[in-house]
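Take a walk through one protein chain.

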Amino acid sequence: MGNSGQYQLRSNTVTLVRWSKRPGEDPFIRFVMLSVFGLVLCLISMIFLPFLRNFAAFALFMVIFPAILTVPTISGRRTFMRELTKTVNDTVIEVTGARSDQLSVRQFRQLVRSGEQLSLRVNGVPGLNLHVERTSTLAKNAPEKWLVVFTVIPPDNGTASFDRLLAAASDARPESAGAS
């Protein structure tokens, strides 16, 4: 049971980054929850304070306070995504050697939303895919776990041709100068 919620690594994948997202972390959900709280607070304060019985106080409690309290969430989320994208880009450059394969934050968010794979070339040879996977959890309110994963696709002709090429190259090596 201890292994049921964990991600099982396949032999052809490498995990770059892991992170989790808690339910209710979305800024829109936070804004709506704070607006409902503001409505309740506004109605209670209108009972005891007659000068708050106007539209301006209602707007203050329903829109302005929730907006001010939601801004740090949005800012923190943007900073987190920028740092995560930078980590992924550093690894992509290290593996592919091409700066042109870097992702923007918008492209990375699109990969997270869609789950599609980005094909990368290593020294001009295709066979590496970058994608984001969501791992399954059994609990309802457990944080979602996300993984940025490199998947290696084996060549169509398999590794046997590479092994033969390596053997031929090692057999064709010139003998050392001292041997005759």
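The accessible surface of the chain comes to about 12,900 Å², and carbon and sulfur atoms hold 61% of that area. Accessible areas here follow the Shrake-Rupley method with a 1.4 Å probe, and for residues only the protein chains shown count as cover. The model is predicted: local features need pLDDT of at least 70, side-chain atom pairs count only at pLDDT 80 or more, and totals for chains, interfaces and linings use all residues. Residues are numbered from 1 along each chain as its sequence is written, and side-chain values use heavy atoms, with hydrogens and water left out.

Now the fold. The chain has four helices and four strands. Both are DSSP runs numbered from the N terminus: helices are H or I with at least four residues, strands are E with at least two. Along the sequence, the pattern reads β-α-α-α-β-β-β-α. Of the 180 residues, 24% are buried. Buried means under 20% relative accessible area, exposed means over 50%, and partly exposed lies in between (1.4 Å probe, protein chains only). Among contacts (heavy atoms within 4.5 Å) with a separation of 6 or more, 55% join residues 24 or more positions apart.

Next, the largest pocket. Its volume is about 550 Å³. A pocket is an open set of points on a 1 Å grid over the protein atoms alone, where a 1.4 Å probe fits, with protein on both sides within 12 Å along at least five of seven lines; lining residues have an atom within 4 Å of a point. The volume is the space filled by probe spheres set on the points, which are joined across faces, edges and corners. The lining has 19 residues, and the closest to the pocket centre are Lys21, Arg77, Met81, Arg109 and Val112. Two or more lining residues come from each of E1, H2, helix H3 (105–114) and strand E4 (144–152). H2 gives the largest share, seven residues.

Which residue does Arg77 meet in a salt bridge? The partner is Asp26, at 3.1 Å from N to O. A salt bridge needs a side-chain nitrogen of Lys or Arg within 4 Å of a carboxyl oxygen of Asp or Glu. Arg77 sits in helix H2 (residues 55–96) and Asp26 in the loop between strand E1 (13–21) and helix H1 (27–48), so the pair ties together parts 51 residues apart in sequence. Arg77 is partly exposed at 36%, and Asp26 is partly exposed at 28%.

By this rule there are two salt bridges. Lys86 and Asp90 also form one, at 3.1 Å from N to O. Both lie in helix H2, four residues apart, about one turn of the helix. Lys86 is exposed at 52%; Asp90 is partly exposed at 41%.

Turn to the nonpolar side chains. A nonpolar surface patch of about 1,100 Å² includes Phe28, Val36, Ile44 and Phe51. Patch residues have over 30% relative accessible area and no salt bridge; nonpolar side chains (Val, Leu, Ile, Met, Phe, Trp, Tyr) are joined within 5 Å, like charges within 9 Å. Ile44 belongs to helix H1 and is partly exposed, at 45%.

End at Pro126, in strand E3 (residues 125–135). Pro126 is exposed, at 55%. Leaving out residues up to four places away in sequence, Pro126 touches Leu120 and Arg121. Val152 is 26 residues from Pro126 in sequence, with 9.4 Å between their C-alpha atoms.
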